[in-house]
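Take a look at the structure below.

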Protein chains: 2
Amino acid sequence: MRIVWAQLYFQIGNLSDNALKIIEAIEQAQHNKADLIVFPELALCGYSPLDLLEQNSFIEKCKKELDKIAAHCTQIAAIVGAPLVNNSLAGKKLFNAAFFMQHQKIERVIKKTLLPDYDVFDECRYFEPNKNFELLELKNKKIALTICEDIWDSYEANVYSINPLQELIKQQPDFVINIAASPFHYRQYHHRNLIIKNKVLEYKIPFIYVNHCGAHAELIFDGGSRAFDAEGNLIAASPFFKEDIQYIDLFDKRVKPIETTDPDKYQLIYDALVCGIKDFFEKQQFKKAVLGLSGGVDSALVLCLAVAALGKENVYAVLLPSPYSTEHSISDSLELVKNLSCPHTIVPIENSFNEILSTLEPSFKNTVFNVAEENIQARLRGLILMALSNKFNYILLNTSNKSEIAVGYGTLYGDMCGSLAVIGDLYKTEVYNLCQYINRNKEIIPQNILTKAPSAELRPGQKDSDSLPDYDLLDKILNYYIEQGCSSEEIIAKGYQHETVLSILNMVQRNEYKRRQAAPILRVSSKAFGLGRKMPLVAKIK
Amino acid sequence: MRIVWAQLYFQIGNLSDNALKIIEAIEQAQHNKADLIVFPELALCGYSPLDLLEQNSFIEKCKKELDKIAAHCTQIAAIVGAPLVNNSLAGKKLFNAAFFMQHQKIERVIKKTLLPDYDVFDECRYFEPNKNFELLELKNKKIALTICEDIWDSYEANVYSINPLQELIKQQPDFVINIAASPFHYRQYHHRNLIIKNKVLEYKIPFIYVNHCGAHAELIFDGGSRAFDAEGNLIAASPFFKEDIQYIDLFDKRVKPIETTDPDKYQLIYDALVCGIKDFFEKQQFKKAVLGLSGGVDSALVLCLAVAALGKENVYAVLLPSPYSTEHSISDSLELVKNLSCPHTIVPIENSFNEILSTLEPSFKNTVFNVAEENIQARLRGLILMALSNKFNYILLNTSNKSEIAVGYGTLYGDMCGSLAVIGDLYKTEVYNLCQYINRNKEIIPQNILTKAPSAELRPGQKDSDSLPDYDLLDKILNYYIEQGCSSEEIIAKGYQHETVLSILNMVQRNEYKRRQAAPILRVSSKAFGLGRKMPLVAKIK
């Protein structure tokens, strides 16, 4: 049986274009004599359309496009993920479904059983779970079709009382398909592989896994679609972060196992972030980015990533020195810009800063220089970058890292400005590691940027270490708290100082209000700030 | 049977203080010889603790506090809402539960069956639904205890396949209690009353309803706890937006029906917003607010509300005239400030604006004055207001209204700055109506502010009507789209112009990115921007 999968980018909400893309792939596969073509979960509407699913007109359009697609299945069968109306009087209005089409019509619909509702997922908001288990049949082969979470019946914290694949296996399928919308984080590839391989080995059955690729603001889909034979050998695999159409002859004994090497953490993150920027711009039909280059490591890294994603001519680096900027901040930035050959300009903020201070003089008289004056500089930079963004139709990239977003070491409406927080899910220590990855063959980011002590340069001689613990320590504690969900007691029990732990956790909690107004963050870890971490805004944890 | 309910404010996450408050109410009720005291849903942890519920230490602390509370129930029984650990291997880790305490221990636990997962609710993220139905018993009376959504089994779009109250009624209870965390919107009071009254009339059974009061950032709880006799007569009612302890002798024939009048829409909204501001400040231990006064109706209204909530001496009004501000903007603002007797200052932005323009001259040369220059002014105002906020520890109030937030008629990091969007859930037409409500006895907001044409005053002679349809028309279309979920086709079918409808809906969709970074909005309608409206950031609806 010749099966094709289509690991493609499907834009959220763009039913017409997604349908055209699906039809094109069907026509091509049909031409190449495939028996079945498989598209990812909710391919028709992109993942996730969120509250668009609540609009009746949106669901009606889905139905129309599905009929159009089915009409093209003359010689081939197709599996297309899309929402299905729940005709029962009770329950949520929709199912998350897979439409099985052949003979120019929708022949069967399979519904998703396990609905993820944790971290970035909220499928219980929209969908009713499936309760009936049936196989599909094609050319005398029986197919167990599952949708994403359906095979994650027992993984870490997600323990469900139903095991959909087990129910299907009782009916003796010949192979399993899982269509997914499984967003990237740098460990997800391993988890996914483990889950699938365990299922294959448990049931001794071939397995085809088809995922989305491409980024939708926060969520990046890495693809990584793959097929295993009944012995658990990988027999086909799509690349990460790239559209790909794969053909596989599933029961052909001549198909040999393939070799793959496990990707490196920073290679994956690099590719993910480049994909994240690229799609964010492309899908909104923007070409050019602007960002502030401080001479520090964060903005240096974002510049490199943006240049890789958009092309050097499309990234405008702006140096915004203040009276407290050091000489090397300028010279290091200029060296980086030279290494990358991207356009740049210098806009000193001193005069504007002084003018604002004299405007505020009547209000500020008899007060001492403090965080107010520091923030004025950061906000003036934000204002100038946004002015350039507005004037020349650039998107402003935000350069905050996860450590500073966590503890609120950033100025709201200042350096927190921007449409996309490119490295907002990388701790400062990871930022350095990713820079090393970029420099692995050649020094692109000047060494001095990587070795000098981090500083916001908003007052004379300021260093991050004046206000924060060393990043090595800070990041470890943050990781325990944010990714691993440890309590202060649990972290202290690991050998960290009581006061340090409490003061860090307290900073995280106190700065929820800043994160609520922060730029959307490209998610690369298992717990990013944003969509997947819902915290009360006004709380007192006591 | 003497029953007490405690319509109190419970701070999210503040388990220690909430427990103390609960214990104090128990002691008092015990002293007054009550048989039972009832607290609202999740009273112990506040509503909603969101992902705090995922922290094991948080749940353990809940358990400890519950035991402490139970130990105080020597002569009285108590019902306390709190999370309960799900000891089953499968399913979500918690139940949303009500703990029935007497004889100094937790005697029974009742779990919530229907978990709301729409609009601002996402209880499926945390809780496993109940499946067993049992009554409580106290002094020979059988109690059907339900939790909030449990009585909303069939309301509008929320149709559940289980009717918890019906299940309980089969066991012949003597009365019903519903403990709730039902946030305010201006129609919710009617819905709630209708639901409860219909249940009472259907089952001919007395009913006690106990709700939270007070505000937690976006969500405002109006309280409105009440009791009905078996004939559907209201026999006791707590006031709206106020803490209240009520005693009711439930089976005493001498208890007479009480009369209440339905509150007016704008009276409710006014009280809600004042409560929203007050609690936002109090719970974060802030006293003072700052806001920019433009001479327009929005900032005038926010100033009035802030003065009502915080006291005139605690609200600092800042006039920030630009070269394009009109004379009357200043004079009208000064008149308002005089009427309210609150402190104010004038900080002209012209010099700073010019200095920034000359700094940007090399970049901007040969371009024409456009939205970039307009936004610089708005952002400069934001910067100055934030500087005052930082310097003097004020919270900046945002003054955007729902119409402009909807269509993106506001400057991100400019007039969109602020920690709380006070009137962000009021359409412009509702803003005027609320101003009339404030002026009902005496002119507080100067007439000229209410009659002049709305303008952002960012270029000479600018009017809102240059860019937007009339607010009467705009607000009607926005209401159909946002609150009522109508599609463009459905709105056009109501008689609105095709082009106008499409252009407005397009503006709403295009500005999702601005709303993602907007200040949290006090929710007063059934569909506010923010928590309860989850839209994809990069989508193309086609």
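Where is A:Ile445 found? A:Ile445 is in the loop between helix H11 (428-438) and helix H12 (447-451) of chain A. Helices are DSSP runs of H or I with at least four residues, numbered from the N terminus. This is a predicted model: local features need pLDDT of at least 70, side-chain atom pairs count only at pLDDT 80 or more, and totals for chains, interfaces and linings use all residues. Residues are numbered from 1 along each chain as its sequence is written, and chains are lettered from A, ligands numbered from 1, in the order in which they are written.

A:Ile445 counts as buried because it has 23 C-beta neighbours inside 10 Å; the cut-off for buried is 20 or more other C-beta atoms within 10 Å, with C-beta atoms placed from the backbone. Leaving aside neighbours within four places in sequence, its contacts include A:Ala300, A:Cys304, A:Leu336 and A:Leu450. Contact means C-beta atoms, placed from the backbone, within 7 Å.

Now the core. A nonpolar core is a set of buried Ala, Val, Leu, Ile, Met, Phe, Trp, Tyr and Cys residues joined through C-beta atoms within 7 Å. The largest has 370 residues. A:Val80, A:Ala306, B:Val80 and B:Ala306 touch the most other members. Leaving aside neighbours within four places in sequence, B:Val80 is in contact with residues including B:Ile22, B:Phe39, B:Phe99 and B:Met101.

Last, the two chains. The contact takes 78 residues from chain A and 78 residues from chain B. On the side of chain A that touches chain B, H9(A) gives the largest share, 14 residues.

Key:
Two residues are in contact if their C-beta atoms, placed from the backbone, lie within 7 Å. Helices (H or I, at least four residues) and strands (E, at least two) are DSSP runs, numbered from the N terminus. A residue is buried if 20 or more other C-beta atoms lie within 10 Å of its own, exposed if 12 or fewer, and partly exposed in between; C-beta atoms are placed from the backbone.
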